[in-house]
Amino acid sequence: MATDIKDTTHAVEAEAVMRLFPARPRLLALGEPTHGEDTLLDVRNDLFRQLVEQEGYRTIAIESDCVMGLVVDDYVTSGTGTLDDVMEHGFSHGFGASAANRELVRWIREYNDGRPEPERLRFAGIDGPLEISGAASPRQALTALHGYLTAHVAADLLPCTAETLDRLLGADDQWTNPDAMMDPAQSVGQSAEARELRLFADDLVALLDVQTPHLIAATSRNDWDRARLYGRAATGLLRYHYWMADTSQARMTRLCALRDRMMADNLLAVVERGPVLIHAHNSHLQREKSTMQMWQGPVEWWSAGALVSAHLAEGYAFVATALGTIRHQGVDTPPPDTLEGLLYALPEDRYLVDTPQLATSLADPRPAARVSPWFGYAPLDPARLADYDGIVFVKDVPSDR
């Protein structure tokens, strides 16, 4: 080792994070190597508060359903609903049960209380309305988009009526059939009705676009932004369902890529409002291709971070999170010859690593790749150090936070 790696570490503070970059990133991505651990979310919450108070960040986005996230945004910006209802109905993936997510929502609402609208913080979900096991019905997003346009655009410009949409959508449970993920024949995504819905959804989004000046004047930019989100969700879901019915070997590659494409589209829309902190799994935020071993074999695709980085260039920054132990999941002290093992040997409980400095300080051969005994935790790949602008390292993740 050429130099002491301790010289590459700093406190996990907004000021230290900003020193990693030549200018404030428009989109600062903070990854996590596993889901469901509030200790990591506490680190995120602390950093977001500092970014708000010191660096002018105004939006936090997380890896949760973009449509459900509107419930959270309404609450934090205007007090609509109750905190309990928001935690129950505003998050997907079980994230509403997290005490750290609850604290985040509570703090944003408290921060916004009494502030003028331009100064309020915003919340966004950036995932599609889907899980790896299936996808939602496009009904909510499609009918919301149609309803917005119906209220503000001449009827003869609409490509279809609400009744036509309802007939083509049919029963929601046919869209959410859990057997469709493993059996493409169970999917309705390539039915005649679904194909017609894709055309109508495309026309509705086009109508929204061509009527932009009128719609912003007649409603508000926020309402128009929300309609655009409904359009992205509707077209994204219909595209996802279409490929769920595919029987080719590329099926899962397409589905994984489409999910990250929906995330990227949502991120590019959110960043129009100003600087954003996005928190999601490392694999969704990295600039390199993502890979996953699935039942049909390995798949690889470009992550949302790779797609957004291609659009924003230096406006995108990625700080990955690594950890030492999650003993309640069987992840014990990392071997000393791994990247996590080297970081674990340092005395602090958590710190920020300047990755370019770390890369130059490591001797050849590079540290070994850590192998996790638990599928839910993904160690960092030491061969990809150049992909990270920084690393947040958390030494131990206890079962009680």
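Predicted model: local features only at pLDDT ≥ 70, side-chain atom pairs only at ≥ 80, totals over all residues.
User: By class, what residues does the lining of the largest cavity have?
Analyst: Seven are nonpolar, four polar and seven charged. Here Ala, Val, Leu, Ile, Met, Phe, Trp, Tyr, Cys and Pro count as nonpolar, Asp, Glu, Lys and Arg as charged, and the others, Gly among them, as polar. A cavity is a set of points on a 1 Å grid over the protein atoms alone where a 1.4 Å probe fits but cannot get out; lining residues have an atom within 4 Å of a point.

User: OK. What volume does that largest cavity have?
Analyst: About 200 Å³. A volume is the space filled by probe spheres set on the grid points.

User: Which residues sit nearest its centre?
Analyst: Leu70, Asp225, Leu229, Val270 and Arg273 do. They belong to a lining of 18 residues. Helix 3, strand 4 (122–127), helix 11 and helix 12 each give two or more residues to that lining. Helices (H or I, at least four residues) and strands (E, at least two) are DSSP runs numbered from the N terminus.

User: Which element gives the most?
Analyst: Helix 11, with six residues.

User: How many cavities are there of 30 Å³ or more?
Analyst: Two. By class, the lining of the second largest cavity has five nonpolar, three polar and two charged residues.

User: Back to helix 11. At what angle do helix 3 and helix 11 pack?
Analyst: About 165 degrees, with their axes 12 Å apart. Helix 3 covers residues 69–78, and helix 11 covers 221–244. Helix 3 is therefore roughly antiparallel to helix 11 (the label needs an angle over 145 degrees).

User: Which residues make the contact?
Analyst: Leu70, Asp73 and Asp74 come from helix 3. Arg226, Leu229 and Tyr230 come from helix 11. Contact means heavy atoms within 4.5 Å. By class, that contact has three nonpolar, no polar and three charged residues. Leu70 and Leu229 turn up again among the residues nearest the centre of the largest cavity.

User: And how far apart are the axes of helix 11 and helix 12?
Analyst: They are 10 Å apart, and the angle is about 175 degrees. So helix 11 is roughly antiparallel to helix 12. The contact includes Arg228, Leu237, Tyr240 and Trp243 of helix 11. On helix 12, Arg254, Leu258, Met262 and Asp265 are among the partners. This contact divides into nine nonpolar, two polar and eight charged residues.

User: New topic. What angle do helix 6 and helix 7 make?
Analyst: Helix 6 (residues 139–152) and helix 7 (residues 162–169) pack at about 170 degrees. Their axes are 10 Å apart. That makes the two helices roughly antiparallel too. Arg139, Leu142, Thr143 and His146 of helix 6 meet Ala162, Leu165, Asp166 and Leu169 of helix 7. The class count for this contact is four nonpolar, two polar and two charged.

Key:
Residues numbered from 1 in each chain as written. Heavy atoms only, no water. Axes fitted to C-alpha atoms, helices over the stretch in contact; angles between N-to-C directions. Parallel < 35°, antiparallel > 145°, perpendicular 65-115°, else oblique. 1 Å grid on protein atoms, 1.4 Å probe; cavity = no way out; pocket = protein on both sides within 12 Å on 5 of 7 lines; lining within 4 Å.
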